[in-house]
Amino acid sequence: MAQIGEKAFIEILRYDPEVDRKPHYETYEVPVVKGLTVLECLYHILENHDGSLAFRSSCRAAVCGSCGMKINGKFGLACRTLVENIKGVKIRVEPLANLPLVKDLVVDMADFYEKYTIVEPYLIPKEIPEGKEFYQSPDDRKNVDGLVECIMCGACYAACTMTAWDKQFPGPFGMLAADGKLRDTRDSLGNERIINLTDEHGIWRCHDEFNCMEACPKHLSPTGAIHHLKRESVKYRFTSPKRNELVDAKPDTLPAVIPEALTARRSFMKTAFWGGTGVIGAGFLLLFSPLFNKPTRGWETGWIKVGEVPDVQTGKPVEITYKRQKWERGQLVSYPKRAYLVKNDSGALSAIDPTCTHLGCICYWDDAIRMFLCPCHGGAFNTEGKVTLGPPPTPLVLMNVKVEGGMLYLQEEVA
Amino acid sequence: MDVHAHELIVVGGGLAGTRAVDEAALRGVDVGWISKIYPIRSHSGEAQGGINAALCNHPDGKDDSAERHAYDTTKGGDFLGDQDAIQIMTNQAPITVREMEHWGVPFSRFADGTIAQRPFGGAGFPRTCYGADRTGHFLLHATYQKYLTMRERVHLYDEYYAIGLITEDNTCHGIITFNLHTGNLEAFVSHAVIFATGGSGRNYGRTTNSYSSTGLGVTMPYWAGVPIKDMEFVQFHPTAIIGKHILMTEGARGEGAYLLNSEGERFMKRYAPNSMEIAPRDIVARAIETELREGRGINGEKYVHLDVRHLGKKKIDERLPGIKAICEDFLGIDPITKPVPIRPAQHYTMGGIDCDTTCKTEVNGFYACGECACVSVHGANRLGGNSLLETLVFGEIAGRNAALAVKGKGKPTDHSLVKEALRKKEAELDELYNRGGTENPYEIRDELHAIMDNEVQIFRNKEDLEKALKGIRDLEKRFHNIRSISKGKVYNYDKTWTLEIKANLDISEVITLGALVREESRGGHARTDFPTRDDEKWLKHTIARFTEDGPELSYKPVTITKWQPEERKY
């Protein structure tokens with residue numbers, strides 16, 4: 001711990017896009033005074049050592065959320081971090097992760113703000129009471145405690161591994177905002193807010209790593225909010241009498257106040273609803289099968305015609321999509337699925353089911369590192385489907401492939 | 001050369017600016033919104049205690065009214081406020097607060113489900129509506145969320161510094177901005193410009209204001225010839241934590257907190273026997289400062305205690321969670337078990353860009369609202385809970401009036417003035433950033449802070465103010481000899497801070513000169529050598545105009561509609 005009167009050594013990630021080819025670290029000495037914060041250290045450096053140091057700040061009281069950054073490996077606010085509370089005299093300061101670096105400690109927040117809009121963070125009331133406020137009991141107001149205090153500093157966003165892997169995941173802060181409006185008794189959107197968040201980039205992406213909670217300088221719990229959304233989602237999946245209608249809802253039946261840019265996404269979300277909650281629901285369907293009139297008969301087996309054989313190069317898997325059918329309540333329902341076609345050195349085709357063998361997330365092919373990556377917990381597989389990194393216990397499942405008359409057919413392994 | 005054209009330009013991302021943007025966008029106007037920080041980072045979000053409106057929800061507030069609110073505001077401002085403006089604001093207050101509630105602000109609630117209200121300084125009834133002690137944060141986020149629903153009409157340019165007005169023939173045609181992302185100057189042309197750039201607290205070292213509240217937004221029009229008003233009236237908030245000067249809301253005292261000196265005495269009984277701790281801010285701040293001067297600071301140091309312990313854990317957790325977090329984060333103490341060390345600090349700029357009740361200024365097409373403006377509703381001292389109200393009411397008025405003036409005109413196509421304005425500004429900045437001298441601009445700023453903190457503070461006198469004025473003018477001279485500023489283009493904060501310090505110096509000069517000339521004590525302006533209010537000579541607004549040789553002062557009458565000046569007793 002740096003004592004008052006001594007010096008603290010602030011090691012800062014420096015990167016100037018006009019000069020540097022890549023970031024590097026520089027260390028500056030700052031005299032320690034009582035109550036010195038990391039933000040004040042940065043100002044000391046800007047004013048006395050290097051005027052080109054770039055960092056954002058405004059309120060210096062942990063309410064504006066400008067100075068989110070990484071301090072000795074932990075995400076938080078520079079203004080709220082007291083030098084005297086840090087072990088050792090060396091403090092490493094780096095920009096927020098998961099956002100493009102612009103200069104020094106400044107990152108491009110455009111994606112971050114854009115994701116906030118995706119969750120429709122504004123109140124959408126049905127009817128506005130004339131000449132008076134909405135009546136809301138103190139208990140109902142308490143319902144949104146812990147959900148409306150977010151200062152959008154980006155600490156949770158930077159700490160979240162899901163945000164790192166899935167570029168479309170709105171991030172913990174977005175989910176927190178969504179739950180805040182879902183739980184607000186004045187809001188009229190109700191379960192529509194959930195549909196909005198149940199696609200493959202939504203709530204089910206979260207795997208309870210609690211990094212967001214640990215990082216949050218306001219002690220909020222985005223994980224808790226996501227859990228609430230998940231519970232509501234499952235409840236809704238089984239109880240809403242109108243769920244089928246909602247799946248087919250057209251954008252023009254939505255409230256007029258929603259901006260055009262969002263309605264396109266909304267309608268996409270609606271169709272994707274079955275793909276998201278539905279997949280989870282599939283597990284529940286097995287459990288609840290006695291509830292239904294006709295017994296299900298599970299997945300259809302047999303060969304599935306995919307289409308013309310795509311052009312596949314050796315060592316470069318190609319993603320294909322196909323529909324697999326399943327019996328549900330006496331009807332065949334189609335589920336979109338993905339697979340990867342791989343050509344090996346001898347020119348033979350094989351197909352890989354990208355469902356991760358760890359917890360069932362869908363892996364994707366990353367051309368840069370030439371591996372299948374799992375967005376959930378960092379699992380990775382090579383072109384043969386063998387595990388190269390992370391927690392998956394077994395290789396990816398290979399599928400049967402055949403080509404007949406120029407058409408490609410797939411068959412999932414029958415257990 | 002980058003030229004952006006919009007029907008209307010709004011500068012400032014705080015509550016007043018955001019409300020003005022919302023209003024103009026709701027009215028279908030094409031808005032270019034410029035803010036030097038992303039809107040939700042603005043200082044409005046730091047407001048804690050609440051927003052005043054005579055909703056009559058509180059059991060003790062059933063007899064409250066907009067008129068009573070106006071009277072309290074007038075008296076609180078020591079009768080310097082324009083009473084027509086005050087009445088516009090207080091009449092609109094209940095409508096505004098309910099509108100914010102409809103927009104989604106999570107106000108705290110009474111048991112009957114209505115918006116909760118608490119007592120505040122200088123108010124005859126408990127009329128301050130609050131959302132815990134995060135009212136500003138909630139309001140700012142709700143108005144920002146409203147903007148998100150209208151993004152097709154509003155183009156947000158965040159991290160663009162407005163640095164100059166484009167004017168000709170007493171008409172504003174747009175602004176010049178410094179694009180922080182690229183370091184380039186970019187021009188914006190429009191039919192009207194609204195300034196909502198906030199206060200100038202960072203002229204002081206001991207201030208509750210954020211780093212962003214520098215007053216550059218007041219200096220810009222001042223340099224362009226728009227007069228500024230009543231700048232000598234600076235509010236010192238009684239309760240800022242020592243060291244970091246972060247605000248402890250007046251709501252704490254509204255909920256019943258005590259102020260205690262070294263003898264454990266509730267000393268306010270000697271200064272405001274009826275109102276005690278919830279007297280207006282100027283009176284409480286002077287009381288604390290007097291206690292300190294007379295040696296009754298805790299442990300002989302320059303602070304007294306704000307004590308909330310008797311309110312109990314439940315009430316503090318429920319209504320004052322924000323200040324509890326601040327105490328824990330920055331002082332390492334828990335206010336539930338320990339009293340909080342506090343001292344008054346600069347908090348609010350009553351003065352600002354001179355404008356009328358429609359937010360229009362002397363220059364056509366140039367509007368101002370919020371803390372950067374002086375309508376004037378706060379007079380010589382603002383009441384707690386009236387600043388959030390002012391930003392919303394006058395933000396809406398500015399947005400509406402500007403929208404009505406520009407609607408249907410389309411984006412301006414005449415860019416003839418831009419080239420010359422850009423060239424001039426470029427040359428000016430080029431000179432500013434390449435002086436190659438020896439002075440560190442940040443040291444000049446620190447010295448300015450010391451002058452303002454010590455000589456232009458709560459208690460003022462001729463000797464101090466003359467010394468301060470000379471000191472500021474010396475600093476201005478030294479500023480001509482500053483070192484060259486770092487050269488990078490991308491996110492060069494060195495350049496923006498240097499510009500802000502230049503603004504600090506000019507605004508400080510106006511504050512100090514106004515205070516020196518005004519030989520009376522009124523509201524936030526207390527002269528030990530002229531301890532009483534002098535209505536005969538000084539019931540008038542100070543107007544300052546920029547000249548090359550320093551500010552030129554003149555005066556303007558106060559609008560009185562209902563209430564003649566009377567003695568202020570609490």
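In which loop of chain B is B:S210 found? In this predicted model, B:S210 sits in the loop that runs between β11 and α5 of chain B. With a relative accessibility of 0%, the residue counts as buried. When neighbours within four places in sequence are left aside, the contacts of B:S210 include B:H43, B:E46 and B:R202 from chain B, together with A:S58 and A:C59 from chain A.

The two chains meet over an interface in which 65 residues of chain A are in contact with 61 residues of chain B. The area buried between chain A and chain B is about 5,100 Å², and carbon and sulfur atoms give 52% of it. Within the area that chain A buries against chain B, A:E47, A:R60 and A:E133 supply 15%, which is more than any other three residues. Between chain A and chain B the count of salt bridges is eight, and the side chains of A:R80 and B:D329 meet in a salt bridge with an N to O distance of 2.8 Å. The polar contacts between chain A and chain B amount to 40 residue pairs, with both residues at pLDDT 80 or more.

The largest share, six residues, comes from α1(A). Taken by residue class, the side of chain A that touches chain B divides into 37 nonpolar, 13 polar and 15 charged residues.

Elsewhere in chain A, helix α6, which spans residues 172-182, is mostly covered, with 11 of its 11 residues buried. Among the buried residues of α6(A) are A:F173, A:M175 and A:L176, as well as the charged side chains of A:D179 and A:K181.

Aromatic pairs were then considered, and a search of the whole structure finds 26 of them over all chains. One pair, formed by B:Y211 and B:W497, is edge-to-face, with 6.4 Å from centre to centre and 75° between the planes. This pair links distant parts of the chain, for B:Y211 lies in the loop between β11 (192-195) and α5 (216-223) of chain B, whereas B:W497 lies in helix α14 (residues 493-517), 286 residues apart. Both B:Y211 and B:W497 are buried. The rings of B:Y491 and B:Y493 have their centres 6.2 Å apart and their planes at 50°, so this pair is tilted. B:Y491 has a relative accessibility of 2% and therefore counts as buried, and B:Y493, with a relative accessible area of 9%, is buried as well. Ring pairs also link residues of both chains into a cluster, whose members are A:F112, A:Y113, A:Y116, A:Y157 and A:F173 from chain A and B:W33, B:Y38, B:Y144 and B:Y147 from chain B.

A further loop of chain B, between β17 (352-354) and β18 (366-368), holds B:T357. This residue is partly exposed, with a relative accessible area of 21%. Apart from neighbours within four places in sequence, B:T357 is in contact with B:D84, B:A85, B:I88, B:V375, B:F394 and B:I397. B:T357 and B:I95 are 262 residues apart in sequence, and their C-alpha atoms are 18 Å apart in space.

Key: Residues are numbered from 1 along each chain as its sequence is written. Chains are lettered from A and ligands numbered from 1 in the order in which they are written. This is a predicted model: local features need pLDDT of at least 70, side-chain atom pairs count only at pLDDT 80 or more; totals for chains, interfaces and linings use all residues. Side-chain values use heavy atoms; hydrogens and water are left out. Contact means heavy atoms within 4.5 Å. Buried area is the accessible area (1.4 Å probe) that two parts lose on being put together, summed over both. A salt bridge is a side-chain nitrogen of Lys or Arg within 4 Å of a carboxyl oxygen of Asp or Glu. A polar contact is a pair of N or O atoms within 3.5 Å; within protein, one must be able to donate a hydrogen and the other to accept it, and residues adjacent in sequence count only if both atoms are side-chain atoms. Helices (H or I, at least four residues) and strands (E, at least two) are DSSP runs, numbered from the N terminus. Buried means under 20% relative accessible area, exposed over 50%, partly exposed in between (1.4 Å probe, protein chains only). Rings of Phe, Tyr and Trp (its six-membered ring) pair if their centres lie within 6.5 Å; planes under 30 degrees apart count as stacked, over 60 as edge-to-face and the rest as tilted.
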